[in-house]
Every structure is written in structure tokens, then in C-alpha cells.
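Here is a short report for a reader who is new to this structure. Please look through the sequence and the model, then read on.

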Amino acid sequence: MRILIAGMGDLGGEVARLAVHGGHEVLGLRRSKTAAPPGVTALRGDVTTPGSLAHLPPTQATIYCVAAAARNEAAYQRTYPEGLSHLLDALERTGSAGTRVLFVSSTGVYGDAGGDWVNEDTVPAPASFTGRAMLDAEHLLEARGFEGTSLRLGGIYGPGRTSLIDAVRAGQPFPEATMRHWTNRVHRDDAARAIMKLVKEPLAAPTVNVVDPHPARREEVLGWLAARVGVDIRTAARTPGRRSSGDRRVSSQRLASTDFEFLYPSFKEGYGRLLDRPS
Ligand SMILES: NC(=O)c1ccc[n+]([C@@H]2O[C@H](COP(=O)([O-])OP(=O)(O)OC[C@H]3O[C@@H](n4cnc5c(N)ncnc54)[C@H](OP(=O)(O)O)[C@@H]3O)[C@@H](O)[C@H]2O)c1
């Protein structure tokens with residue numbers, strides 16, 4: 001199968017690696033000239049600039065995992081609903097209207113649930129412009145008539161994505177008010193494996209949560225990390241620059257119904273591996 005990955009970054013690169021390994025022809029789209037993983041054909045293009053997408057060849061599957069360049073509303077709107085729309089236009093023009101599209105979305109669409117469980121049937125209520133932009137893109141995909149699924153990923157961590165470990169090690173304070181909030185995450189490698197699983201074995205569902213099956217309270221994650229690296233956790237009433245991601249437990253039952261198995265079913269396996277072998 002020919003697979004187009006728009007956004008050949010950390011996650012897209014790992015998906016590409018798995019796809020090449022699986023014998024697929026893989027095209028990786030990004031703006032810069034950065035080298036693509038072995039076996040991947042690098043395409044240059046900017047999803048916010050329709051003219052740069054004119055050269056795309058027909059594809060059987062398309063994965064959209066472009067990340068916004070800046071954390072502001074305009075950049076998020078440009079990157080997610082508008083960028084996805086431009087890419088879908090380009091796919092239609094190149095005879096790929098039948099391509100299966102997986103849009104990498106976020107559990108941020110759920111907003112705050114007061115610690116309750118949410119699943120794909122829960123009505124989304126994003127609390128920030130980031131979640132709203134993702135939800136706008138999900139709605140756009142549903143409206144465009146492609147065979148498409150939005151994958152709602154929790155916080156991605158993995159090789160090179162160790163900001164939480166680094167913050168704990170550095171003794172940075174964490175906001176007291178969110179210590180008992182539930183957090184949801186997925187190891188980068190499991191996210192990439194789940195994406196490839198759904199490329200090969202599509203689920204007839206508009207949305208699928210991609211989070212490990214064990215949400216954990218922030219205090220549990222931080223306490224465990226602190227014990228592993230041998231520091232005390234510091235908390236503070238006010239902590240500049242830190243945002244709450246919403247208090248909710250995200251179910252991955254729908255993904256589990258595919259017989260998908262997590263390599264890192266909880267933060268302990270994932271962070272444990274990173275602490276034992278950082279790269
Ligand atoms: N971080 C999280 O915890 C989290 C949680 C849920 C969902 N997500 C989503 O996961 C996806 C993948 O994240 P990631 O960590 O792999 O991001 P990443 O490593 O930053 O990669 C993003 C890629 O997108 C490319 N890109 C950016 N703007 C582009 C544009 N206008 N046109 C074409 N390509 C563009 C970048 O390359 P160039 O700069 O060369 O263009 C880069 O290769 C994103 O959609 C993100 O929103 C992330």
C-alpha cells in the first residue's frame with residue numbers, strides 16, 4: 001500500500017519506520033529538507049499553502065500528524081482544520097478521494113470531566129483553543145466524505161520526550177491544585193503501532209482514543225518518578241507557564257477491541273524504560 005504521512009516528525013517518523021518495515025511504500029511530507037527515515041520518499045510541502053501540495057501522487061492511506069509551529073489560536077486553526085482541508089483538497093485533485101485518512105487528534109477535545117471516565121461517545125467539550133482546533137479538524141474530516149478516523153492521542157512521551165522526568169530531576173515546582181488530577185498518556189512507540197494497526201485493519205469508527213489503559217493521578221506519576229530519580233517533589237500554589245490538561249480518565253476500550261496490545265501499558269513501564277535506557 002502507498003502511505004502518505006503528512007508531518008514527518010517524531011511520531012510520523014516512527015509510523016514511517018514501521019510502515020517501511022511492513023513492506024509499504026511510504027511518502028513523508030514536511031516543509032523542511034530534513035532527511036527522511038531510510039526507505040521513505042521525502043516530499044516537501046506546507047499544508048498551510050495549497051500550491052505546495054500540487055505534486056502529491058495518489059495514495060491508499062494518509063496519516064495527518066502535523067504539529068502546529070506556535071501555541072496560539074491562529075497557528076492551531078491554520079495547522080489543523082485549515083491544513084487538513086488543504087491536504088484533503090490536494091488528495092481529491094490527485095485522484096485519492098478513496099484514500100483512508102487518519103487524523104492525529106488529541107484527548108484535549110474532551111476538556112475537563114471532573115475526574116470521570118470519558119470515551120469516544122462522550123460529547124467533547126474542549127476547554128482551550130488547542131482542543132477546539134482539533135475538534136474543528138475532526139468535524140471537517142467527517143464532513144468531507146473520506147473514509148476517515150480521528151485518533152485522539154493522550155500526552156505523548158518516549159525517546160527524546162522526557163520533559164516530565166527532566167522537570168522532576170530539576171526540582172521544578174508543580175501546581176498543587178492539579179496534583180490529584182487524572183492524566184492520560186501514550187508512549188510514542190505505542191501511538192505509532194496503534195496508527196499502523198488502524199491503517200492495516202480499519203475500524204469503522206469516526207474516533208478512536210489512543211491512550212494507555214491506565215490513567216494515573218499526577219501525584220502518583222510524579223511521586224513514582226521522584227522516587228526513581230531520588231528527589232523530592234516540590235509543589236507550589238502558582239507555577240508560571242504550566243497548564244492543566246483537564247481532569248479526566250480517557251478509556252481506550254475501543255482500541256482494545258482490535259486486540260491491540262500496548263508495549264507500555266502504563267507510565268511505569270514507559271518511564272521505567274526511559275530511565276533505564278534514555279535513547
Ligand atoms: N505532544 C503531545 O503530547 C500530543 C498529544 C496529542 C496529539 N499530538 C499530535 O501529534 C502529532 C505529531 O506530533 P509530533 O510529536 O510527531 O510532532 P513533531 O515531532 O513536531 O512533528 C511535526 C511534523 O510536522 C511538520 N510540519 C509542521 N508544520 C507543517 C506544515 N505546515 N506543513 C507540513 N508539515 C509540517 C514538521 O516538519 P517541518 O517543520 O519540516 O515542516 C514535523 O515534521 C501532532 O499532530 C500533534 O498535534 C501531540
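## Helix packing and selected residues

Helix H5 is mostly covered, with eleven of its 13 residues buried. Buried means under 20% relative accessible area, exposed means over 50%, and partly exposed lies in between (1.4 Å probe, protein chains only). Helices (H or I, at least four residues) and strands (E, at least two) are DSSP runs, numbered from the N terminus.

This is a predicted model, in which local features need pLDDT of at least 70, side-chain atom pairs count only at pLDDT 80 or more, and totals for chains, interfaces and linings use all residues. Residues are numbered from 1 along each chain as its sequence is written, and side-chain values use heavy atoms, with hydrogens and water left out.

**Helix H5.** The buried residues of H5 are Arg188, Asp189, Asp190, Ala191, Ala192, Ala194, Ile195, Met196, Lys197, Leu198 and Val199. H5 runs over residues 188–200. At 1.5 Å a residue, its 13 residues should span 18 Å, and the end C-alpha atoms are 19 Å apart, which agrees. The expected span is 1.5 Å times one less than the number of residues.

The table gives the axis distances and crossing angles. Axes are lines fitted to C-alpha atoms, for helices over the stretch in contact, and angles run from 0 to 180 degrees between N-to-C directions.

| Pair | Axis distance | Crossing angle |
|---|---|---|
| H1 (residues 10–21) and H5 | within 9 Å | roughly 55° |
| H2 (residues 73–93) and H3 (residues 129–143) | 8 Å | about 15° |
| H6 (residues 218–229) and H8 (residues 267–276) | within 11 Å | roughly 25° |

Angles under 35 degrees count as roughly parallel, over 145 as roughly antiparallel, 65 to 115 as roughly perpendicular and the rest as oblique. A crossing is left-handed if the near helix is turned anticlockwise from the far one by less than a right angle, and right-handed if clockwise. Contact means heavy atoms within 4.5 Å. For residue classes, Ala, Val, Leu, Ile, Met, Phe, Trp, Tyr, Cys and Pro count as nonpolar, Asp, Glu, Lys and Arg as charged, and the others, Gly among them, as polar.

**H1 with H5.** The axes of H1 and H5 cross at roughly 55°, which makes H1 oblique to H5. Their crossing is right-handed. From H1, Asp10, Leu11, Glu14, Val15, Leu18 and Ala19 take part. They meet Arg188, Asp189, Ala191, Ala192, Arg193, Ile195 and Met196 of H5. This contact has eight nonpolar, no polar and five charged residues.

Ala16 also lies in H1. At 0% relative accessibility, Ala16 is buried. Leaving aside neighbours within four places in sequence, Ala16 is in contact with Ile5, Met8, Val26, Pro37 and Val40.

**H2 with H3.** H2 and H3 pack at about 15°, which makes H2 roughly parallel to H3. The crossing of H2 and H3 is right-handed. H2 contributes Glu73, Tyr76, Gln77, Tyr80, Pro81, Leu84, Ser85 and Leu88. H3 contributes Phe129, Thr130, Ala133, Met134, Asp136, Ala137, Leu140 and Leu141. By class, the H2 contact with H3 has eleven nonpolar, three polar and two charged residues.

Glu138 is in H3. Is Glu138 buried or exposed? At 1% relative accessibility, Glu138 is buried. Not counting residues up to four places away in sequence, Glu138 touches Phe103, Ser105, Val109, Ser150, Arg152 and Thr207.

**H6 with H8.** The axes of H6 and H8 cross at roughly 25°, which makes H6 roughly parallel to H8. The crossing of H6 and H8 is right-handed. Contact residues of H6 include Trp224 and Leu225, and those of H8 include Tyr271 and Leu275. The contact has seven nonpolar, one polar and four charged residues.

In H8, Phe267, Gly270, Tyr271, Gly272, Leu274 and Leu275 are buried. Their cover includes strand E8 (155–157), helix H4 (163–169), strand E11 (185–187), strand E13 (216–217) and H6.

Asp259 sits in the loop between helix H7 (253–256) and H8. Asp259 is exposed, with a relative accessible area of 55%. Its phi is near 70°, a positive value in a residue other than glycine.

Val250 lies in strand E15 (residues 249–250). Val250 is buried, at 1% relative accessible area. The C-alpha atoms of Val250 and His214 are separated by 8.9 Å, and the two residues are 36 residues apart along the chain.
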